[in-house]
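Hi there,

Here is the structure I promised to pass on. Have a look at it first, and then read on for my notes.

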Amino acid sequence: MPAPSRPAVVCIPARNEAERLPRLLRALAAQDGFSVDAPLKVVIVSNNCTDGTVEAVRALDASGALDTLALRLIEATFAAAEAHVGTARRRALDAGADWLEREGAPEGVLLTTDADARLSPGWVTANLRALETAEIVGGRLVIDDEGATDPALAAFHARVERYWAGVRALEDALDPPPHDPAPRHGDHTGGSLALRASLYRAVGGLPPLPRGEDNALVGAVQRAGGRLRHCPDVSVLVSARTAGRAEGGMATEMLRRARVVRAGEAYRLPVASHWERVILRRAALRRAYREGTAPAALQTLGLDAEDLAAIDLAACPNDIAFVERAHARLETRDGPAPECGLDEALAALDASLAALRRDRAA
């Protein structure tokens with residue numbers, strides 16, 4: 001398979017991943033379209049590692065197992081307050097952007113994943129294809145039980161996924177995004193993100209937050225008018241471990257789900273009516289932008305003069321930017337979304353979707 005025409009750098013933050021990071025690097029070395037003569041660029045930022053992560057990477061590289069990679073390992077020691085995934089991921093992405101720019105390829109692609117992820121051989125090329133019709137691509141997260149399957153927990157994972165699939169089905173029925181058609185997943189996290197280096201620079205880079213840094217980057221791209229694609233061809237296996245490296249990350253969610261299944265802890269999610277209201281409001285904002293609605297009319301959607309000044313309607317390049325900026329302002333006044341248990345939430349979503357189907361059939 002020929003090498004991809006667009007240069008790419010995979011950017012990885014790592015914190016005490018001596019066991020799992022070598023597995024990820026072997027998967028990257030086996031990516032379709034790359035070779036010894038045309039290697040895949042990879043940046044690793046070792047974030048205050050104390051378990052031999054750096055030595056494990058160097059030993060694997062010296063063994064010749066990574067000959068299809070151009071590998072740059074950055075050993076970083078951050079102050080305690082900054083020794084988190086946001087700082088490390090930003091450092092890795094910044095280094096990747098620097099690399100592309102020095103080679104005269106600012107339109108090259110930055111990809112990021114987590115050190116404990118497992119990738120298919122087509123992960124890089126699938127991301128590059130998806131970026132042909134989008135500005136940022138999120139990969140689907142598939143929970144990897146690593147052979148230790150718990151049937152009750154697996155069934156719970158499936159029910160949670162059915163809930164979020166139902167939310168997306170509501171969106172498809174009420175306000176389908178043309179740039180992100182079904183079938184699509186709903187994930188856009190640091191486990192799998194891709195965007196062009198020039199856009200990464202234009203939005204100010206990844207916010208170095210201790211948690212939620214990935215969603216913050218996606219939000220910045222959307223507020224700039226970027227299309228977010230949840231391409232079904234892009235996926236990554238993510239660890240089901242309950243002792244993770246990132247505060248508030250996937251391991252926290254896995255631990256929460258384990259407590260639900262094994263100890264009966266409540267698991268509450270927003271009610272279906274909340275999502276209907278959000279989707280319909282976003283649809284109304286989109287129509288208003290496309291119709292060139294005057295500022296006075298926008299106030300009927302809940303936007304006051306201060307909101308409109310902050311949104312800067314004239315500076316919105318498209319409806320995506322306007323909707324994201326406007327919705328963010330309105331969301332701050334909404335208060336917490338009403339929640340209910342998972343069974344009730346699923347039943348309400350099913351009822352809402354059935355009602356929409358009946359209305360369309362009538």
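Which residues of the largest nonpolar core touch the most other members? This is a predicted model, and in it that core has 37 residues, with V10, I12, L21, L25, L28 and V42 touching the most other members. The elements giving two or more residues to the core are β1 (8-14), α1 (21-29), β2, α2 (53-62), β4 (109-112), α4 (123-130) and β9 (235-239). Of these, α1 provides the largest share, with 6 residues. There is also a second, separate core of 27 residues, and A83, A92, L193 and L195 are among its members.

L25, setting aside residues up to four places away in sequence, touches V42, I44, V57, L60, L66, L69 and L71. V42 sits in strand β2, which covers residues 40-47. V42 counts as buried because its relative accessibility is 0%, and the cut-off for buried is under 20%. Beyond its neighbours within four places in sequence, V42 is in contact with V9, V10, I12, L25, L28, L69, A70, L71, R72 and W99.

H185 belongs to the loop between α5 (151-174) and β7 (193-196). Is H185 buried or exposed? With a relative accessible area of 5%, H185 is buried. Its side chain reaches two backbone oxygens: that of G138 at 3.0 Å and that of C231 at 3.3 Å.

Finally, a residue from another loop. L301 lies between α10 (295-298) and α11 (305-311). L301 has a relative accessible area of 28%, so it is partly exposed. Apart from neighbours within four places in sequence, L301 is in contact with A284, L285, A288 and L330. For L301 and L330, the separation is 29 residues in sequence and 9.2 Å in space, taken from C-alpha to C-alpha.

Happy to talk any of this through once you have had a look.

Best wishes

Methods:
Residues numbered from 1 in each chain as written. Predicted model: local features only at pLDDT ≥ 70, side-chain atom pairs only at ≥ 80, totals over all residues. Heavy atoms only, no water. Helix = DSSP H or I, 4+ residues; strand = E, 2+ residues; numbered from the N terminus. Buried < 20%, exposed > 50% of the residue type's maximum accessible area, 1.4 Å probe, protein only. Contact = heavy atoms within 4.5 Å. Polar contact = N/O pair within 3.5 Å; in protein donor to acceptor, adjacent residues only side chain to side chain. Core = buried A, V, L, I, M, F, W, Y, C linked by side-chain atoms within 4.5 Å.
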